[in-house]
Every structure is written in C-alpha cells, then in structure tokens.
Amino acid sequence: VNRAADRPTTLALLRIWVQIGLQSFGGGASTQLLIRREFVDRRAWLSADQFGMLWNLCLFTPGINLVALTVLIGRQLGGIRGIAASLAGLLLPSAAVTCLLAAAYKAVQHSAAVHAALQGVIPATAGIMAMVAVAFTQPLARRAHAEGTRAVVLSAAVALGSAAALIVAGLPVALVLGMAAILGAGAFTAWRRPAAEYP
Amino acid sequence: VINPLVYFALFLKASLFSTGGLSNLPSLHQDLIGLGWAADRDFGEAVAIGQISPGPNGLWVVSLGYLTYGYAGAALALLAVLVPPLLVLAVAAAFARIARHRWVDGLMRGISLAVVGVMGSVCWTILRQPGADWKGLLFAGGAFALAASRRVSPIGILALAALIGLAVYRR
C-alpha cells in the first residue's frame with residue numbers, strides 16, 4: 001500500500017530512473033539492486049512483498065523482465081505518464097552508454113588490461129546477483145518462519161529444488177517456474193479452511 | 001544491404017518469443033547470420049558488452065544493433081525490446097481477475113521461491129564461465145558483502161573489482 005501523499009511527480013520519477021539507468025553498470029543484477037534500494041528501501045513506495053509480486057508478473061511477460069518491472073512500477077507511481085517517464089529514464093541513458101561501450105570495446109578488446117579487469121568484474125556481478133536473491137528471500141523466509149517448521153522446510157525445498165532443476169537437470173526456466181507454481185498452490189493453500197471469505 | 005523494416009521485425013520477433021536475458025539470442029543468431037547482416041563475432045562482443053553496461057542484460061541487443069548497423073541499428077533494437085514487455089499490463093489485468101481465488105497466494109509463493117532458485121543458478125552460471133577460477137569466488141563474496149552493507153553502489157563495487165582484477169590477473 002503506497003502512501004498517496006508521497007507519490008512522486010512525473011519529473012521526479014524520471015530523475016530517479018535516469019539515475020538508475022546511468023549507475024547500473026553490471027547489467028541486470030545491478031539494475032535490480034538499485035531499483036529495490038530506491039523504491040523499497042529508501043522511499044518505501046513499495047513493500048518487499050509488493051516488489052516480489054510485481055516481479056512474478058514480469059516473469060510471465062515476453063521480453064526483458066526488468067523492462068516489464070519498470071512499466072509496472074511506473075504505472076503504480078504515476079499512471080501512463082509514469083510508465084513513459086520510467087521507461088525513458090531507465091532505457092535512453094543506459095542504451096546510449098551501451099553504444100559508447102560497444103564503440104570503445106572495438107578499440108580495446110585485445111587489451112590484456114581490459115581482460116584482467118573484466119575477470120574481476122564478472123564474478124563481482126554474480127555477488128551482486130546473490131545479494132538480490134537474498135533480498136527476494138527475506139519476506140518469504142520471514143513468512144515461513146512465522147508459520148512454522150512445515151512452511152520453512154517446504155519453502156527451502158522449492159527454492160533449492162528449483163536451483164537444482166536448472167543447474168543439474170538443465171530444465172527450461174519457464175518449466176521450473178510452472179512446476180513451482182503448481183507445488184506452491186498445492187502445498188501452501190489452506191484447502192480445508194472454510195471458504196466464507198471467498199465468494 | 002540491410003532493410004531497416006525487416007531488421008526491426010527480426011529483433012521484435014526475437015524479443016516477443018523470448019523470456020528475458022539472452023533467450024532472444026538463438027533466433028537473432030539464426031536470422032541475422034542467415035541474411036549476412038551479422039558475424040558470429042558480433043554476438044560474442046554484444047553479449048560481453050551487455051553484461052557490463054548499465055541497464056538490464058537484455059540491452060545486449062542494443063550493442064548488437066550498434067555493432068551490425070550503427071546508431072540506427074541500436075535505436076531499432078531498443079525499440080524492438082521496448083514493445084513486448086508492455087504486455088505486462090495485460091498480464092497484471094489477467095492476474096487481478098484470478099487474484100481472489102484462495103490458491104493464488106500459494107501459487108505466487110511457489111513462483112517467488114523458484115525465483116530465488118533461478119537467481120542462485122544465474123550466480124552459479126556466471127561463476128562457472130570459461131576462464132573463471134577460484135579467485136572469482138572471492139570477487140563474488142567481496143561484492144556480495146559490499147552490496148549487503150548497502151553503503152556502496154554497484155558501480156563502486158564493480159570499479160573496485162576492476163582495479164583488483166587488474167592487479168591480480170594482469171600478465
């Protein structure tokens with residue numbers, strides 16, 4: 001539930017997304033981390049739960065998931081104009097920097113120094129991605145902990161099982177998400193509770 | 001000679017039938033190489049640039065556009081990856097219609113847990129890339145600790161990793 005009084009103006013939203021677009025070197029992991037820091041941690045316009053929910057919807061959308069997330073956050077905070085400002089802010093500067101890097105890369109691609117630096121940078125992006133994964137885990141872990149041992153074991157099994165299905169069995173991501181969805185609906189739904197609140 | 005309309009349509013098709021990241025690569029690879037509009041080398045370079053440049057990894061196609069067709073190619077590629085994610089509005093509307101069913105909460109929870117697994121597998125894949133060694137684990141661990149501290153921005157973390165990488169790996 002976001003506080004309407006705190007809603008940003010379109011211009012403020014544009015400024016936030018431009019900053020994210022320009023600072024998110026390191027691809028998707030950095031972008032994710034910055035979006036969460038800005039909208040969840042710093043300004044509290046979205047809760048961790050809402051953020052996770054929006055991200056889930058993006059996974060069922062074709063194309064780049066982070067662009068879909070930008071669309072949803074933009075709409076929630078500023079309607080149609082919010083969507084336009086958010087997309088322009090995230091993508092125009094970062095695409096421009098990408099072009100510049102592509103041009104520069106041609107010039108330095110055989111440099112040993114560049115290779116050495118990249119050999120440090122690329123595993124560091126994995127570390128940033130791990131932090132993003134932890135941030136996604138926190139609300140899930142808190143909830144499972146409150147519900148008891150069964151929920152904790154089930155949650156851990158679904159998360160670790162998904163990783164294993166991808167790494168060991170090499171299953172497609174969409175299939176793993178679908179199986180986890182069915183498992184989750186089966187295991188976490190209180191099927192025996194009276195359905196009074198559900199018309 | 002590159003036909004801009006066909007070029008755009010190929011990028012749009014690849015993005016429409018992909019689910020983020022690099023999943024649009026095979027389609028583009030097949031089409032652009034087939035037409036002689038790109039070389040194999042362009043793909044490797046574009047992916048490498050996409051991994052370090054700002055914004056989503058999916059913007060690797062912008063560098064592919066730039067490398068194969070200059071600024072026009074970059075602009076067409078950007079436009080092509082911008083359109084399909086707008087369908088998320090339809091996904092959100094569809095979700096709103098099923099949201100009141102009691103099983104939806106468990107369904108979303110299952111997906112959220114799988115997302116954690118997917119991200120873990122991405123870390124694993126990056127750390128197991130060709131040329132990666134055990135020192136990569138130290139870089140990843142250090143980056144994780146700095147990110148968790150919330151005091152350092154990703155760009156600061158990566159700049160530090162680049163400097164240490166220079167010192168450790170330069171021959």
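B:Thr68 has several contacts beyond its neighbours within four places in sequence: B:Ile2, B:Tyr7, B:Trp37, B:Ala38 and B:Asp42. This is a predicted model. With B:Tyr7, the side chain of B:Thr68 makes a polar contact, side chain to side chain, at 2.7 Å. B:Thr68 sits in helix α4 of chain B, which covers residues 60-82. Is B:Thr68 buried or exposed? Its relative accessibility is 15%, so B:Thr68 counts as buried. The cut-off for buried is under 20%.

Now to the two chains. On chain A, 99 residues are in contact with chain B; on chain B, 84 residues are in contact with chain A. The area buried between the chains is about 8200 Å². Carbon and sulfur atoms give 75% of that area.

Polar links also cross between the chains. The rule finds three salt bridges across the interface of chain A and chain B. One of them joins A:Arg143 to B:Asp105, with the closest N and O atoms 2.5 Å apart. Between chain A and chain B, 14 residue pairs are in polar contact, both residues at pLDDT 80 or more.

Which elements of chain A give two or more residues to the side that touches chain B? They are α1 (10-23), α2 (28-42), α3 (48-59), α4 (65-108), α5 (112-147), α6 (149-167) and α7 (173-188). α5(A) gives the most, with 26 residues.

The residues on this side of chain A divide as follows.

| Class, side of chain A touching chain B | Count |
|---|---|
| Nonpolar | 66 residues |
| Polar | 25 residues |

How values were computed
Residues numbered from 1 in each chain as written. Chains lettered and ligands numbered in written order. Predicted model: local features only at pLDDT ≥ 70, side-chain atom pairs only at ≥ 80, totals over all residues. Heavy atoms only, no water. Contact = heavy atoms within 4.5 Å. Buried area = accessible area lost by both parts, 1.4 Å probe. Salt bridge = Lys/Arg side-chain N within 4 Å of Asp/Glu carboxyl O. Polar contact = N/O pair within 3.5 Å; in protein donor to acceptor, adjacent residues only side chain to side chain. Helix = DSSP H or I, 4+ residues; strand = E, 2+ residues; numbered from the N terminus. Nonpolar A, V, L, I, M, F, W, Y, C, P; charged D, E, K, R; others polar. Buried < 20%, exposed > 50% of the residue type's maximum accessible area, 1.4 Å probe, protein only.
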